[in-house]
Amino acid sequence: MTIQNRYEFVYFFDVTNGNPNGDPDAGNLPRMDPETSKGLVTDVCLKRKIRNFIELCYENEPGYEIYVKEKSVLNLQNKRAYEALSIKPEAKKLPKDEAKAREITAWMCKNFFDVRSFGAVMTTEVNSGQVRGPVQFAFAQSIDPIVPVELSITRMAVTNEKDLEKERTMGRKAIVPYGLYRVHGFISAKLAEKTGFSDDDLQKLWQALQLMFEHDHSAARGEMVARKLVVFKHQDALGNQSAHKLFERVTVERVNGDTAMPAQSFDDYRISVNTDGLTGVTVEELI
Amino acid sequence: MKNKVRLHIWGDYACFTRPEMKVERVSYDVITPSAARGILSAIHWKPAINWVIDKIYVLKPIQFESIRRNELGGKLPASKVSGAMKRKSVEGLYTIIEEDRQQRAATVLKNVAYVIEAHIVMTDKAGEGDNLTKHLEMFKRRAMKGQCFQQPCMGVREFPAEFAFIDEGEALPQCLLAENDRQRDLGWMLHDIDFQHKNTPHFFRAKMQDGSITVPPFMGEEVVS
């Protein structure tokens, strides 16, 4: 059964001494809004982590395949072998009739979690080869301006033989000492109807948001932790409130009111949710 | 009831991609009629109706920002899916992001707000029970309650659009454009795509006068395809 309610969520995560999302335009420095100096994490960065988490946890469960994969979480060798044996490339480009195209789309939705939740573009020409998923993320933005720190590091080895006398090479690493990020998400019940995004899928999505950073540790990321997940559930499939009015109910303050000093940990922040006078919307704090 | 709705929309970011610069996306200076139609349709739409955009009010200064992301280069071929369907197995049906990665920059708008002024026309799919008032009222009811079919977006889905209905007689939100920015020739801009005729794009000469852009009729003389 597909979800019957519209949802919005506010999700907080923080980073300590790490780079949550590098900017390819700025030599992999943490992404920043140039005007406000607030840190950014793109929607696609978070969706990547959700995909990785689902793949990690539900690899063998039917219907929870992931279409857009990353090598690091993939048991590639097995699958490569399988692929070599069974893939028969077809010459035909695209199903001409719409019914066939729809069948393909439905099949992809049924089998792939990421297609069902985030959508996917499949082929061109026939419009129905495009799936718009119910789950939509905006960019994550840090609460306060971030101050990235660039660290120089050394390695006691060299890659090339000709550099042998150098004995060591140097590298750079950019980190955010501390940053709390906030992201808004939307889940449309009506689009879920079209892709078959179910209550079970929703639970897995919440689970991914709660646990995905636990399975994404690396040298670059530092310590990233999911801190809060506030879910707004509308009674009506179309919704009972404007999204922005719900988001405004989640406020973040500095505990001692002191914003002159950069925050050092999550303890410096207080997140509150105002649930007064909400009609038709229930609030749940999953973290 | 007059056949006219006004919707206030705003968002932190927007990307109304210029078709000539779509690989490394560059946004138009303002929202296109096509994107505005999409926003209205995200709140209410039926095959019986079509939204026609009449006017776009630009409420905030036009500012850009650049964002570069790792994107996927390829699309999923239908033949690969039908092959997997025949085999009744999803093994091997995936794409590896590292092998098909494209790094693309997007020059997007920042901190945008508009008012869309539009009306409804009935299409030939309209049944007996369809009339303008019904659909206008449905739209109004939904927009006032913050309801939508899906959260509308500012050109791309990572940039959600917030919206508020502006009722008849209600004043428009304040325009924060500098006085000398209110008259501006925005050049040729996408009007919309003609889906009836092989998805032909139609363009018009967008001119901002006193902070608003009057959108010519889709099939009008000012519009070229």
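**A buried aromatic pair and its surroundings**

Author: A:Phe9 and A:Phe137 are both buried. Please bear in mind that this is a predicted model.

Reader: How many aromatic pairs does the structure hold over all chains?

Author: Over all chains, the structure holds 18 aromatic pairs. In one of them, the ring centres of A:Phe9 and A:Phe137 are 5.4 Å apart and the planes stand at 75 degrees, so this pair is edge-to-face.

Reader: Where do A:Phe9 and A:Phe137 lie in chain A?

Author: A:Phe9 belongs to strand β1 (residues 7-18) of chain A, and A:Phe137 belongs to strand β8 (residues 135-137) of chain A, so the pair ties together parts that are 128 residues apart in sequence.

Reader: Which residues form one aromatic cluster with them?

Author: One aromatic cluster is formed by A:Tyr7, A:Phe9, A:Phe118, A:Phe137 and A:Trp206.

Reader: Let us turn to A:Gly119. Is A:Gly119 buried or exposed?

Author: A:Gly119 counts as buried because its relative accessibility is 11%, and buried means under 20%. This glycine lies in strand β6 (residues 119-121) of chain A.

Reader: What does A:Gly119 touch, leaving aside residues up to four places away in sequence?

Author: With residues up to four places away in sequence not counted, A:Gly119 touches A:Asp114, A:Val131, A:Arg132 and A:Gly133. A:Gly119 and A:Leu191 are 72 residues apart in sequence, and their C-alpha atoms are 9.9 Å apart in space.

Reader: And A:Lys204, is that residue buried or exposed?

Author: A:Lys204 is buried, with a relative accessible area of 7%. Its place is in helix α6 (residues 199-211) of chain A.

Reader: Which residues does A:Lys204 touch, again not counting residues up to four places away in sequence?

Author: A:Lys204 touches A:Ile54, A:Tyr58, A:Glu61 and A:Tyr64, with residues up to four places away in sequence not counted.

Reader: What about chain A as a whole: how many helices and strands are there?

Author: Chain A comes to 7 helices and 15 strands. Of its 287 residues, 50% are buried. The accessible surface of chain A is about 14,100 Å², and carbon and sulfur atoms account for 48% of it.

Reader: What share of the contacts in chain A between residues at least 6 apart in sequence join residues at least 24 apart?

Author: In chain A, 72% of the contacts between residues at least 6 apart in sequence join residues at least 24 apart.

Reader: Now chain B, please. Which pattern does chain B follow along the sequence?

Author: Chain B has 3 helices and 9 strands. Read along the sequence, they follow the pattern β-α-β-β-α-β-β-α-β-β-β-β. The C-alpha trace of chain B spans about 60 × 50 × 35 Å along its principal axes.

Reader: What are the burial and surface values for chain B?

Author: Buried residues make up 52% of the 225 residues in chain B. Chain B exposes about 10,500 Å², and 50% of this area is supplied by carbon and sulfur atoms. Among contacts in chain B between residues at least 6 apart in sequence, 73% join residues at least 24 apart.

Reader: How far apart are the mean positions of the positive and negative charges of chain B?

Author: Chain B has 32 positive and 29 negative charges, and their mean positions are 5 Å apart.

Reader: Which residues of helix α1 in chain B are buried?

Author: Helix α1 (residues 33-43) of chain B is mostly covered, with 8 of its 11 residues buried. The buried residues are B:Pro33, B:Ser34, B:Ala35, B:Ala36, B:Ile39, B:Leu40, B:Ala42 and B:Ile43.

Reader: I also wish to check backbone angles. What is the phi of B:Asn111?

Author: B:Asn111 has a positive phi of about 50 degrees, although this residue is not a glycine. B:Asn111 is placed in strand β5 (residues 101-122) of chain B. At 34% relative accessibility, B:Asn111 counts as partly exposed.

Reader: And where is B:Asp210?

Author: B:Asp210 is in the loop between β8 (200-209) and β9 (212-214) of chain B. B:Asp210 also has a positive phi of about 50 degrees without being a glycine. B:Asp210 counts as exposed, at 54% relative accessibility.

Reader: Lastly, what confidence scores accompany the model?

Author: Chain B averages a pLDDT of 91, and 100% of its residues score at least 70. The model scores ipTM 0.83 and pTM 0.86.

Conventions
Residues are numbered from 1 along each chain as its sequence is written. Chains are lettered from A and ligands numbered from 1 in the order in which they are written. This is a predicted model: local features need pLDDT of at least 70, side-chain atom pairs count only at pLDDT 80 or more; totals for chains, interfaces and linings use all residues. Side-chain values use heavy atoms; hydrogens and water are left out. pLDDT is the predictor's confidence in each residue, from 0 to 100. Helices (H or I, at least four residues) and strands (E, at least two) are DSSP runs, numbered from the N terminus. Buried means under 20% relative accessible area, exposed over 50%, partly exposed in between (1.4 Å probe, protein chains only). Contact means heavy atoms within 4.5 Å. Accessible areas come from the Shrake-Rupley method with a 1.4 Å probe; for residues, only the protein chains shown count as cover. Lys and Arg count as positive and Asp and Glu as negative; His and the chain ends are not counted. The place of a charge is taken as NZ of Lys, CZ of Arg, CG of Asp or CD of Glu. Rings of Phe, Tyr and Trp (its six-membered ring) pair if their centres lie within 6.5 Å; planes under 30 degrees apart count as stacked, over 60 as edge-to-face and the rest as tilted.
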